Amino acid sequence: MIRNFFFIILTIFFLTPNLFGEEKAVLKKQEWDFQGIFGRYDKPTLQRGLQIYQEVCSACHGMKRLRFRELKDLGFTQEQIKQYAETFEITDGPNDLGEMFTRPGEPSDAFVSPYKNKEEAKAAFGGAYPLDLSLLTKSMKNGPDYIYSLLTGYEDEPPKGFELPEGLYYNPYHDGNVIGMPPPLYDEAIEYIDGTNASLHQLSYDIVNFLNWTAEPELEKRKSLGIKVILFLLVLTALLYVTMKEIWSRIKK
Amino acid sequence: MAKKFKNKTLAWLDYRLPIFSVLKEALVDHPTPRNLNYWWNFGSLAGITLIIMIVSGLMLSMHYVAHVDLAFDSVEHIMRDVNYGWLIRYIHSVGASMFFLIVYIHISRGLYYGSYKSPREVLWWLGIIIFLLMIASAFLGYTLPWGQMSFWGATVITNLFSAIPLVGDSIVTWLWGGFSVDNPTLNRFYSLHFLIPFVIVGIVFLHIVALHKFGSNNPTGIDITLKEESIPFHPYYTIKDLFGLGVFFIIFGIFVFFLPNSLGHPDNYIPADPLVTPEHIVPEWYFLPFYAILRAIPFKLLGVLAMLGSILILFALPWLDTCKVRSCRFRPIYKQFYWIFIVNFFILGWVGSKVPEGHYLIISRICTGYYFIHFLIILPLLGFFEKTLPVPANIFKEHNKKK
């Protein structure tokens, strides 16, 4: 009896995480390729995501933890990566004369942030600053679904009676329903190299895939190793169980 | 003297330094009650998890940099550049959760079967000391990645010491090594985080010495008097512990490989920023019940004392529980209260994750009150009023009765 009571209480906890909480906009949950135990990244999707980052996001947002060489995971060849890296200008130094100099990027370099430091970004955006995107999906609850919802959740007209401050945008997924970032994506915001139709859904879906990859580049390796480890452990544990029964049968009467 | 080892070198060495006979005594011959159930697996699981934590922690320490400007980046360096660094780090961070899960079950088992009662009081005390050291170590370790929760968690917890009258603020400054949580704080936290696990190993050693003095308690809670009631630890419990370890590794593995961040807080992937306070500062799940007790009380000093007291009260448990019968099996009333206590603890954990206002605050106060009522009123009184069931003379009688 008391045990049933125990489980009922526990069930209530897990089914109603927000028993007395206020209502928030429901996330638009998507089917992500990288979810689940067999989760994988889709290379064409990641490549399109890189293109969006390159043409849209990188104007304001940095990606400082990602190195060019890691683009190998997206299906690019060493030569392509080298050429791509060379299109970036890297500040290096000091040289023998004690001066900083610029040189073309190399595969071992990280992506260059659009602002030298947080202070410069803050000055450019009047206090708020655009986040570095390297770890974005990991740094928020339900990161992928949240970012997808945010990117597709802008509304042109705020609901009646809502005071929208000057220079901000209405987005029910953001704290306080307002956000400083103008809608970055819209239908045909960019023209995909591979000719895919650039709908708002497609753009948002691709960039979230890319961002999840930059946050968890080890995901594929982790999950495939995990499956092997768990299978091994299942067999080992089954053998241990049989052995245990065998040994204990010597004394059970 | 009878030769204990056939191998001459072993025998020669053991004659001069008896480590092999001590190990043999502890891990092979040690007479153990034959009726232990799976709840007795968690002691050895905790020991093995401690070793996993030390080994994975040692590997992390070879790449980690304890500096406010570099700590976060060095953790990401481990995740991205170090070979299998992500595996080492996830083993360590998930391992902390697993360690607490195991130890909570281990403590619950002790509470259910009365393992803290005479003559095992000191064994129980040593266990509580290990638990306190684990809490300290986990808290210190959580600050090291220097994410937002690391920084603000460290700020909140160190600030608790300011509740001490007169010298509180000076103590906080002394703990910080400055006037805010900063580089000296991170450095000393790293140093202490490295030290404490080895202190735990020492106390675990004493815990085992105290355990072997009277042997394990058992589900009936009665003393083992007959020789036939015991079986040698090896092979019976070595294989049972290995099987338990296999099951544990499967669960551990599922978290490490498929849900590595589900037990942590996403804010800790944002680098620490002393100028931006997170919306809710919450500790890791294993501290939530105690965090709820801390915040249930409006006066800071009293809250801190209640939180500390909720653990320290366990030291007095062998005397607060006035019943001579150990196991819940023969205590029908206590058994009900035991489960209510467990449910109460879960509710505390749940409200600990919420903002302490409105309904949550009321619930946390009721549950905090009940937590102490359980120990200070219910347990002492039960010893006098509860009618316990007849206790069998030995574990076989119990076994036969069941059939």
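Taken over C-alpha atoms, the centres of domain 1 and domain 2 of chain B sit 22 Å apart. This is a predicted model, so to read it: local features need pLDDT of at least 70, side-chain atom pairs count only at pLDDT 80 or more, and totals for chains, interfaces and linings use all residues. Residues are numbered from 1 along each chain as its sequence is written, with chains lettered from A and ligands numbered from 1 in the order in which they are written.

The domain assignment gives chain B domain 1 (38–219 + 227–275) and domain 2 (282–387); such bounds come from an automatic or database assignment. Where the two meet, 24 residues of domain 1 of chain B and 20 residues of domain 2 of chain B take part. Contact here means C-beta atoms, placed from the backbone, within 7 Å. On the domain 1 side, α5 (85–113) and α6 (121–143) of chain B each bring at least two residues, and α6(B) gives the most, with seven.

Chain B also meets chain A, with 33 residues of chain B in contact with 33 residues of chain A. Helices α4 (71–80), α10 (233–258), α14 (332–352) and α15 (358–385) of chain B each supply at least two residues to that side, and α10(B) leads with 14 residues.

Ala, Val, Leu, Ile, Met, Phe, Trp, Tyr, Cys and Pro count as nonpolar, Asp, Glu, Lys and Arg as charged, and the others, Gly among them, as polar.

| Domain 1 of chain B, touching domain 2 of chain B | 15 residues | seven residues | two residues |

Now for the inside. The largest nonpolar core has 55 residues, and F99(B) and I102(B) have the most contacts within it. A core is a set of buried Ala, Val, Leu, Ile, Met, Phe, Trp, Tyr and Cys residues joined through C-beta atoms within 7 Å; buried means 20 or more other C-beta atoms within 10 Å of a residue's own, all placed from the backbone. α5(B) gives this core the most, 13 residues. Leaving out residues up to four places away in sequence, F99(B) touches A46(B), T49(B), M53(B) and M134(B).

Overall, chain B has 16 helices and two strands, which are DSSP runs (helices H or I, at least four residues; strands E, at least two) numbered from the N terminus. Buried residues make up 39% of its 403 residues.

Definitions and conventions
Buried ≥ 20, exposed ≤ 12 C-beta atoms within 10 Å, placed from the backbone.
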